[in-house]
Amino acid sequence: MRRPLIVDRSQDQHFMREALALAAEGAALGEVPVGAVLVQDGVIVGRGFNCPISTHDPSAHAEMVAIRAAAQAVDNYRLPGSTLYVTLEPCSMCAGLIVHARLQRVVFGASEPKAGVALSRGEFFNQAFLNHRVLVEGGVLAEECGAVLSAFFKARREQR
């Protein structure tokens, strides 16, 4: 049975700030600063930041890391009723995982005009062929999330 959805905007901002802190951890390691937390019943059960460079794993996006950690924490590969907070709009790889894990909601910060599939490059989660529906909300702390990415890439360009 699906739980009723109650959205608390202040809670959304709180958890997005947690994701931003994780993005900073990734940036400190030289990774693209994207962070994610997965929340069930108001509790963070999974955390992650981008780490494909340091782990030599192209699938190690923040969303993937957080969802894997949550699945291990709750001892289930399905995560119904949960919300994923991520600082950047998910890509197609992460969107597929979000559906397979049966997340209820995705909240992202900055849009990703090149590869984001939640809203920017199409509305993946609204495709008729999907066997699970995910609610999506973008733009939570978008300026802060975007500024972290812009600063990271600006610094990287200046190093060259």
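Start by selecting His-61, Cys-91 and Cys-94, which the unreviewed UniProt entry gives as "binding site". UniProt positions follow the numbering used here, feature names are shortened, and annotations may be inferred rather than shown by experiment. These residues are spread over 34 residues of sequence but cluster in space, with a largest C-alpha distance of 9.3 Å. The model is predicted: local features need pLDDT of at least 70 and side-chain atom pairs count only at pLDDT 80 or more, while totals for chains, interfaces and linings use all residues. Residues are numbered from 1 along each chain as its sequence is written, and side-chain values use heavy atoms, with hydrogens and water left out.

Next, centre on Cys-91, in the loop between strand 3 and helix 4 (92-100). Helices (H or I, at least four residues) and strands (E, at least two) are DSSP runs, numbered from the N terminus. Cys-91 counts as buried because its relative accessibility is 17%; buried means under 20% relative accessible area, exposed over 50%, and partly exposed in between (1.4 Å probe, protein chains only). Show the contacts (heavy atoms within 4.5 Å). Leaving aside neighbours within four places in sequence, Cys-91 is in contact with His-61, Glu-63, Ala-115 and Val-117.

Move to Cys-94, which lies in helix 4. At 0% relative accessibility, Cys-94 is buried. Not counting residues up to four places away in sequence, Cys-94 touches His-61, Glu-63 and Met-64.

Now look at the largest pocket, which holds about 480 Å³ of space. It is lined by 21 residues, and those closest to its centre are Val-32, Leu-88, Glu-112, Leu-149 and Phe-153. On a 1 Å grid over the protein atoms alone, a pocket is an open set of points where a 1.4 Å probe fits, with protein on both sides within 12 Å along at least five of seven lines; lining residues have an atom within 4 Å of a point. Grid points are joined across faces, edges and corners, and a volume is the space filled by probe spheres set on the points. Colour helix 5 (142-159): the largest share of the lining, four residues, comes from helix 5.

Select helix 1 (residues 9-28) next. Its 20 residues should span 28 Å at 1.5 Å a residue, and its end C-alpha atoms are 29 Å apart, which agrees; the expected span is 1.5 Å times one less than the number of residues. Which residues of helix 1 are buried? They are Asp-12, Phe-15, Met-16, Ala-19, Leu-20, Leu-22, Ala-23 and Gly-26. They cover an arc of only 165 degrees around the axis, which puts them on the same side of helix 1; the arc is that of the directions from the helix axis to the C-beta atoms. Among the elements that cover these buried residues are strand 1 (35-40), strand 2 (43-49) and strand 3 (83-88).

Two stops in loops remain. His-56 sits between helix 2 (52-55) and helix 3 (62-74), and its phi is near 55 degrees, a positive value in a residue other than glycine. His-56 counts as exposed, at 72% relative accessibility. Asp-75 is in the loop between helix 3 and strand 3; it has a positive phi of about 60 degrees although it is not a glycine. At 71% relative accessibility, Asp-75 is exposed.
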